[in-house]
Amino acid sequence: MPTDSGSATYLEAVGLALDSEMDRDPDVFIIGEDVGQFGGAFKVTKGFLDKFGPRRVVDTPIAETGFTGLAAGAALVGLRPVVEFQFADFISCAFDPIINVLARHHWRTGDPMPVTMRAPFGGRLRAGPTHSQSVESYFAHVPGIKIVMPGTPEDAAGLLVSSIRDNNPTLYLENKYLYRRLKASGKISLDPIPLGVAKVVREGTDVTLITYSAGVHQGLEVAAELDKDGISVEVVDVRTLVPLDVETIVNSVKKTSRAVVLHEAARRLGYGAEIAATVQEEAFWHLDQPVVRIAAKNTPTPTSPPLEDAVIPQPAEIAETLRKVARA
Amino acid sequence: MATRSRRKANGNPVDRHDKDLLRRIHEVMVLTRAVEDRMVAMYKGGDLLGSLYTGHWHEAISVGAASALRPDDYLAPIHRDLGAHLWRGMEPWQVMASFMGKATSPTGGRDGTLHYGRLDLNIYNLPSHIPANFPVATGMAFAAKYRGEDKVCLAFCGDGSTSRADFHESLTLASVQKLPNIFVIENNQYAYSTPLRLTSASATFADKAVAYGMPGVKVDGTDALAVHEATVEAVARARAGEGPSLIEAVTMRMHGHAEHDPADYVLPELYEEYAKKDPVELFENVLVNAGVIDADTAKQVREDARQAAIAARKKSLSDPMPDPSNIEDGVYAD
């Protein structure tokens, strides 16, 4: 079992939150491939089977459509399933139940559908085109799904608690590159963090960087560098894509008059397009420069390090873009 | 586990059942037919929004199976199963309102046509691509087992559905988890225009049960008692914690896929064969011959059903259309 030593990793924070919700609410259970005996492909649920038993820690066959639909049926009659997709890439096997069953059920019928879908996503692990995808935009287009993308261990815990308690299908995307690279600065709080509230993680005056998940850390590192050159970057972590905290984003842009959006998903119709469009709709007359997007190239994610690094945004590109927008 | 066709047990099967139950099954089958015949007229007369999906010749399956459940058991029916909804207490006017996009439909006009399932009747309201209801049915059964309840969940699908991944994944999950599911395949010979020979090379659909490690049985889907008895057996097994079962009920889709479809691709001899096997008439004859009802009662049941369908049409026609001002409400639950 994850124990909070005071410096939980991002991965342990996810496990701590899940553990505490399963302790708190007997209707919460975890279901997915290898989540029981094996403790999950990334070990988020290590020890869960011993503690909660096979009734609440459910190992499944390789059947994403089946177990996602199972979660929908269980949620309809009052349980609170947490579904683990082994990799976010495999979620395409469950498009049908997510989009046609989970997402629109409440709007059609008024019956709540409290299903949390956890999925490790993202690149930089040299895992290639079908183990590195950022899937948020596939689902952001579909009304009825909430999308949660924590960037820190602290947010990973509090946002998972809220996701599980939410009465809607929630896609909770865990950045697997951050799993063991990030540690909490203190003891993790398991208090819920409300969905739809962005966070200004660094205050600045010259340009706003709007980002989420691993982009938060890339952004903070680059912002610290640029500070030495006298460029003051404000970093906004949106934390949840749906619902989106437009107010916090717009207030920051009104302050800095310049906005850059950063994510590691592909550029075309990535979530940055939505943010950029929203900023120009809500804060056009406050902008001194067009909103610029930094995103992955419109290619699949390659495996080999020089190739993957050429596709996913790197610190040099982020720094150069911010510098250009801030000084233009 | 071998699959089998149900053999007729000795004696008159009518004698094995409560007479009130038999009369109720008959009444709901007759009502189902009357409501669907009325809706066909409404379709032709332009009362309905889009097409109309009916379950002519599926009445013995939908009512025969639903009548083997308790009201607190879960149902995940498809578009041929009006009879199962009526068995549970759905009002015919609500179904008509659904096909008209009325505010009084179970979804208030947000969804329409066959999407009128009501969770307060323990019936799942499915999306269009069947058998998307199958995984959901495993979840309802999972929840019952999780809570230590003895409820079961019965899901219907068609012959065409058996080709899809969700059919395979659901039967796999239900059997490895020993879920209290009953899966009923309504084999009506055609998946839209696709005949059985292009859908499956299996000798029967019931055969598929062997591979999933569950009992499979093939029954005459025009025989309400055969369907009912096969379902009773599967329900008992599920309730006892022994896991899921598969039932293949064979009938014929006597109308098009929907009313817009002339179904001129259907082999005429199939229509001829099944014209002699109207499940509603067959069951009426069984009950009259066994003295459970008399001919006058049978006539009265038909007339009551006809009047109920006429009244339902009147009510649904006069019901209001929905108000679009709140269309963005409810995308998310509170």
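Modeller: Domain bounds here come from an automatic or database domain assignment. The model is predicted: local features need pLDDT of at least 70, side-chain atom pairs count only at pLDDT 80 or more, and totals for chains, interfaces and linings use all residues. Residues are numbered from 1 along each chain as its sequence is written, while chains are lettered from A and ligands numbered from 1 in the order written.

Chain A is divided into domain 1 (10–175) and domain 2 (199–327), and 27 Å separate the centres of these two domains, taken over C-alpha atoms. Their contact (C-beta atoms, placed from the backbone, within 7 Å) takes 22 residues from domain 1 of chain A and 24 residues from domain 2 of chain A. On the side of domain 1 of chain A that touches domain 2 of chain A, at least two residues each are supplied by helix H5 (136–140), strand S5 (146–148) and helix H6 (153–165) of chain A; helices (H or I, at least four residues) and strands (E, at least two) are DSSP runs, numbered from the N terminus.

Turning to the sheet, 5 strands of chain A form an open sheet in the order S7-S9-S8-S11-S12, with mixed pairing (at least two DSSP bridges between two strands). Strand S7 (199–202) and strand S12 (292–296) of chain A stand at the edges with a single partner strand each, so one side of each is left without a neighbour in the sheet. The twist averages 25 degrees from one strand to the next, where axes are lines fitted to C-alpha atoms, for helices over the stretch in contact, and angles run from 0 to 180 degrees between N-to-C directions. S7(A) runs antiparallel to strand S9 (residues 233–237) of chain A, joined to that strand by 3 bridges, and Arg202(A) has Val235(A) in S9(A) as its bridge partner. Helix H7 (residues 214–228) of chain A packs on this sheet, where H7 touches S7, strand S8 (207–211), S9 and strand S11 (259–266) of chain A, and the direction of H7 makes about 170 degrees with that of S9(A).

How values were computed:
Contact = placed C-beta atoms within 7 Å.
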